[in-house]
Amino acid sequence: MQSRRFTLMLTLLAAAVLLIMLASVFIGRYPEPFWMPPALMGQDPLAKRLLLSLRLPRLLTALTLGMTLSAAGSVLQMIFRNPLVEPGFLGVSQGAAFGAALSILWFSSHPVTIELSATFFGLLGLLTSYWLSTRVRFGGWILRLILSGIAVSAIFSSGIGILKYIADPLSELPEITFWLLGGLYRVTWQDFVYVLPFAAVGLVTVWLMRWRLNLLCLHDATAFSLGASLTRERLILLVTIISATAALTAISGIIGWVGLIIPHIARRLAGASAEKSLPVAMLLGGGFTVASDTLARTMLAGEIPLGILTSAIGAVLFIYLMMSMGWKARHHG
Amino acid sequence: MDNDLRMENLYFRYHRSDSDVIRNLTLHVPGGRVSAILGPNGTGKTTLLHLMLGLLKPGAGLITIAGKTHRQYSRRQLSQTIGLVPQFESIPFNLTVFEYLLLGRSPYLNPFQLPGRKDREIVEQTVQSLDIAHLLGKPAQRLSGGERQLVHIARVLAQNPGILLLDEPTAHLDLENQHRILGLLQRMSRQGITTVFTTHDPNAAIYAADHFILMQGGNIAQQGDLDTVITAENLTGLYRIPIRVESANGHTMVIMENFR
């Protein structure tokens with residue numbers, strides 16, 4: 001793709017995301033369903049408070065969440081040379097979910113405790129998967145990490161099962177279940193400030209190394225011959241972006257499909273080179289998540305868990321992508 | 001600087017393996033010439049290339065690249081000095097040929113740098129010199145076998161190394177493309193690049209190389225020029241089948257004996 005067309009696309013995308021965000025601030029169910037006239041801000045102190053202390057932090061967290069999940073998905077798909085990998089694998093999502101459930105059950109349901117516990121177990125999932133992969137005695141490092149990630153995820157998810165089984169069905173179980181479904185309904189400025197450093201380090205690192213990603217997805221011998229320090233560079237990317245994912249998952253619960261589907265759409269739009277597809281994925285993911293979250297809190301009188309919505313929309317997009325790819329394949333056949 | 005390669009008393013075994021792939025190997029690859037490595041499957045040719053590259057570390061012995069050991073190079077200096085066209089390289093995620101070729105400039109960029117105008121110019125000059133400029137916009141996964149090999153060579157030439165390793169560069173190619181690739185190897189050595197390639201085809205080796213290395217069981221069986229190395233006796237010993245070597249009009253040819 002030519003760089004002038006790419007710049008145009010990026011500008012249009014950024015403008016679209018800004019527009020979605022601007023609209024999202026005024027979309028909601030106060031004072032009546034779907035739209036708050038901006039002029040109300042000056043007249044109604046409740047409207048102002050609602051906007052500044054509830055909608056705004058939630059909006060920014062949704063944006064950060066979408067950008068991080070999509071960036072993490074892009075990075076993992078490239079590093080593992082596998083288009084079906086998503087940021088939650090390597091035990092991160094299930095680890096974070098286990099940490100949250102554990103905290104709700106035994107420590108406290110205070111948001112900060114849940115976040116710390118979820119981040120801790122999310123990172124523990126990553127480190128355990130990595131450690132386990134160095135102990136596996138067969139296969140290349142991609143296969144070893146993927147297998148280890150599957151095993152670690154399974155252990156954590158059975159742990160979640162046990163916690164749900166022993167949880168109090170009237171008080172604790174609903175809370176765990178709602179956390180697992182994923183959503184941003186509780187987000188405050190405090191939460192946003194908590195995730196910001198993790199997300200900033202992850203997103204900036206990945207952004208800076210976006211061209212290098214192309215090199216890291218070549219075979220080891222070639223990438224080495226071109227000067228890559230394979231283990232070090234891959235670890236830097238994985239640790240920074242997955243820490244960001246773990247911190248965000250600690251706040252949002254498991255938000256599926258964004259990290260899987262958005263990188264595919266981005267590659268469709270901007271081509272395979274991560275130099276271009278990564279920025280596009282970040283913008284698309286941010287916009288998609290903000291839009292989904294706006295729907296999640298507006299469509300019904302009650303909140304729809306964001307994770308359910310992104311999975312539903314993501315799966316439909318995925319089916320559409322698969323079918324349109326089939327069409328393309330026939331015509332080039 | 002003479003871009004030669006020296007290996008002395010080299011040993012190598014793979015992790016958790018109980019036998020050496022390379023055993024007490026001593027070899028001198030002369031600078032600025034084309035060297036062909038011949039030998040049966042599984043005799044350690046690819047391993048030897050990976051040792052030269054520095055991807056694998058020898059268990060014992062010494063390797064020097066243009067007079068210095070691998071440790072005396074930084075990662076970037078080493079990749080500016082020695083390049084590799086591997087036997088298998090699939091290009092994931094359908095980069096265009098141009099995007100793939102730009103990766104050849106990585107040794108000159110730090111991990112946070114994007115390729116600049118100079119890098120683009122070098123890639124464009126390289127494809128013009130190989131006469132493959134028409135491939136630039138193509139998705140790399142849609143190339144034919146011959147085109148793909150040319151693109152891999154263009155990528156390594158954009159890297160501008162003094163030493164070039166190629167692992168079976170003519171495997172799976174038709175005669176026209178073999179001819180083209182082997183001609184390229186000679187052209188590179190005329191430009192002063194030390195070229196080392198492995199092959200299973202002795203005639204391809206004769207066509208392109210002026211230095212010959214026969215490998216057997218992780219060691220060097222013979223090395224030297226055409227007349228001393230490519231003999232019926234050596235090749236019959238190497239491949240364990242009857243082989244004839246014919247010379248006429250200054251051309252040498254290796255022929256498998258007819259079984260009928």
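In chain B, strand S1 (residues 5–12) is tied to strand S4 by 5 bridges, and the two run antiparallel. Everything here comes from a predicted model, where local features need pLDDT of at least 70, side-chain atom pairs count only at pLDDT 80 or more, and totals for chains, interfaces and linings use all residues. Residues are numbered from 1 along each chain as its sequence is written, while chains are lettered from A and ligands numbered from 1 in the order in which they are written. Helices (H or I, at least four residues) and strands (E, at least two) are DSSP runs, numbered from the N terminus.

## The sheets of chain B

Let's stay with that opening pair. Across from Tyr11(B) you'll find Ala60(B) in S4(B). Helix H1 (residues 45–53) of chain B packs on the sheet and touches S1, S2 and S4 of chain B, with its direction at about 120° to that of S1(B). Axes here are lines fitted to C-alpha atoms, for helices over the stretch in contact, and angles run from 0 to 180 degrees between N-to-C directions. Contact between two residues means that their C-beta atoms, placed from the backbone, lie within 7 Å.

The sheet itself is open, with 3 strands in the order S2-S1-S4 (chain B) and antiparallel pairing. Its edges are strand S2 (22–29) and strand S4 (60–65) of chain B, each pairing on one side only. Two strands count as paired if DSSP finds at least two bridges between them. On average, neighbouring strands of this sheet are turned by 15° against each other, direction ignored.

Chain B also has an open sheet of 6 strands, ordered S5-S6-S7-S3-S8-S9, and here the pairing is mixed. Strand S5 (82–85) and S9 of chain B are the edge strands, each with a pairing on one side only. From one strand to the next, the twist averages 20°.

Here are some of the strand pairs of chain B side by side.

| Strand pair | Bridges | Direction |
|---|---|---|
| S1(B) and S4(B) | 5 bridges | antiparallel |
| S8(B) and S9(B) | 5 bridges | antiparallel |
| S3(B) and S8(B) | 4 bridges | parallel |

Strand S8 covers residues 211–216 and strand S9 covers residues 219–224 of chain B. Met215(B) sits opposite Ile220(B) in S9(B). The hairpin of S8(B) and S9(B) has 2 residues between the strands, and Gly217(B) takes a positive phi near 55° there. Strand S3 spans residues 34–38 of chain B. Ala36(B) has Phe212(B) in S8(B) as its bridge partner.

H1(B) turns up again here, lying across S3, S5, strand S6 (163–167), strand S7 (194–199) and S8 of chain B, and running at about 155° to S6(B). Helix H6 (residues 175–190) of chain B packs on the sheet too, touching S3, S6 and S7 of chain B, and its direction makes about 155° with that of S7(B).

## Chain A

What does chain A have in the way of helices and strands? It has 14 helices and 0 strands. Its radius of gyration is 20 Å, close to the 20 Å that the globule rule gives for 333 residues, so chain A is as compact as a globular protein of that length. That radius is taken over C-alpha atoms, and the rule is 2.2 Å times the number of residues to the power 0.38. The C-alpha trace of chain A spans about 65 × 55 × 40 Å along its principal axes.

Buried residues make up 49% of the 333 in chain A. A residue is buried if 20 or more other C-beta atoms lie within 10 Å of its own, exposed if 12 or fewer, and partly exposed in between, with C-beta atoms placed from the backbone. Among contacts in chain A with a separation of 6 or more, 76% link residues 24 or more positions apart.

Take Ser74(A), in helix H3 of chain A. Is Ser74(A) buried or exposed? Ser74(A) is buried, with 29 other C-beta atoms within 10 Å. Leaving out residues up to four places away in sequence, Ser74(A) touches Pro263(A), Ala266(A), Ala274(A), Ser277(A), Leu278(A) and Ala281(A).

## Where the chains come together

Which residues touch the most other members of the largest nonpolar core? In this core of 159 residues, they are Val75(A) and Ala36(B). Helix H3 (residues 45–79) of chain A gives the largest share, 12 residues. Such a core is a set of buried Ala, Val, Leu, Ile, Met, Phe, Trp, Tyr and Cys residues joined through C-beta atoms within 7 Å. Beyond its neighbours within four places in sequence, Val75(A) is in contact with Val206(A), Leu213(A), Leu237(A) and Ile241(A).

Between the chains, 24 residues of chain A are in contact with 25 residues of chain B. On the chain A side, helix H9 (210–216) and helix H10 (220–225) are the elements that give two or more residues. That side has 11 nonpolar, 8 polar and 5 charged residues. Ala, Val, Leu, Ile, Met, Phe, Trp, Tyr, Cys and Pro count as nonpolar, Asp, Glu, Lys and Arg as charged, and the others, Gly among them, as polar.
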